[in-house]
Amino acid sequence: MEGKPVHASISEYSELALPTDANGLGNVLGGKVMHLVDLAAAMAAIRHARRPCVTASVDSLHFLHPVRIGQLIVLRSSVNRVFRSSMEVGVKVETETLMTGVKLHTCSAYLTFVALDEAGKAMAVPPVIPETEEEKRRYREAEERREYRLALRNRLRS
């Protein structure tokens, strides 16, 4: 199975923060942002695998700044590493105040996705080929995060 470069999976998704997405303080609900993170990650996973993919896990998500009504929410995602049928996808969320152009890093997350075959079973996908120094760093660090996730999963099962 031939590998694919990281840049082939990169996805970008933007959405305007609306009052229907916010709490009484004018901040977008965390659950709304988490939903957008999952969507952005799914786009990168499916783009890489060219198969249906499902979310297997989400690492912790820490909000650095609130998202306010009227700001543009910009999500960038890419596959960091493939582990046979599972993939680690990184998502970075920024907000942009459209009237000033000020951008803030709001949060980042790592999600694990699994590619599915026609019967709904996990299937192998092509490896990802990191090319830039940043992609190579994320590729290496993905292995460390995977070991942590597997250890946590084993503890939860016992």
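## The end of H1 and Arg-50

Helices here are DSSP runs of H or I with at least four residues, strands are runs of E with at least two, and both are numbered from the N terminus. Arg-50 sits in the loop between H1 and strand S3 (53-58). With 59% relative accessibility, Arg-50 counts as exposed; the cut-offs are under 20% relative accessible area for buried, over 50% for exposed, and partly exposed in between, using a 1.4 Å probe and protein chains only.

A quick word on what you're looking at: this is a predicted model, where local features need pLDDT of at least 70, side-chain atom pairs count only at pLDDT 80 or more, and totals for chains, interfaces and linings use all residues. Residues are numbered from 1 along each chain as its sequence is written, and side-chain values use heavy atoms, leaving out hydrogens and water.

## Another positive phi

Arg-84 also isn't a glycine, and its phi is positive at about 65°. You'll find Arg-84 in the loop between S4 and S5. Its relative accessible area is 55%, so Arg-84 is exposed.

H1 runs for 20 residues and reaches 28 Å from its first C-alpha to its last, close to the 28 Å expected at 1.5 Å a residue (the expected span is 1.5 Å times one less than the number of residues). Its buried residues include Val-33, Leu-36, Val-37, Ala-40, Ala-41 and Ala-44.

Which residues touch the most other members of the largest nonpolar core? Out of its 30 residues, they are Val-37, Leu-75, Met-87, Val-89, Val-91 and Phe-113. Two or more residues of this core come from each of H1, strand S4 (72-83), strand S5 (86-97) and strand S6 (102-115), and H1 gives the largest share, 9 residues. A nonpolar core here is a set of buried Ala, Val, Leu, Ile, Met, Phe, Trp, Tyr and Cys residues joined through side-chain atoms within 4.5 Å.

Setting aside residues up to four places away in sequence, Leu-75 touches Ser-11, Glu-12, Tyr-13, Leu-36, Val-37, Ala-40, Val-91, Lys-92 and Val-93. Contact means heavy atoms within 4.5 Å.

Ser-77 belongs to strand S4 and is buried, with a relative accessible area of 2%. Leaving out neighbours within four places in sequence, its contacts include Ser-9, Ile-10, Ala-40, Ala-44, Val-89 and Gly-90. Ser-77 and Ala-8 are 69 residues apart in sequence, yet 11 Å apart in space, C-alpha to C-alpha.

## H2 and Arg-145

The 25 residues of helix H2 should span 36 Å at 1.5 Å a residue, and its end C-alpha atoms are 36 Å apart, which agrees. Buried along H2 are Glu-135, Arg-138, Ala-142, Arg-145 and Arg-149, and their cover includes S3, S4, S5 and S6.

Beyond residues up to four places away in sequence, Arg-145 touches Asp-59, Asn-80, Glu-88, Tyr-110 and Arg-138.

## Leu-18 in its loop

Leu-18 is located in the loop between strand S2 (11-16) and helix H1 (30-49). Its relative accessible area is 39%, so Leu-18 is partly exposed.
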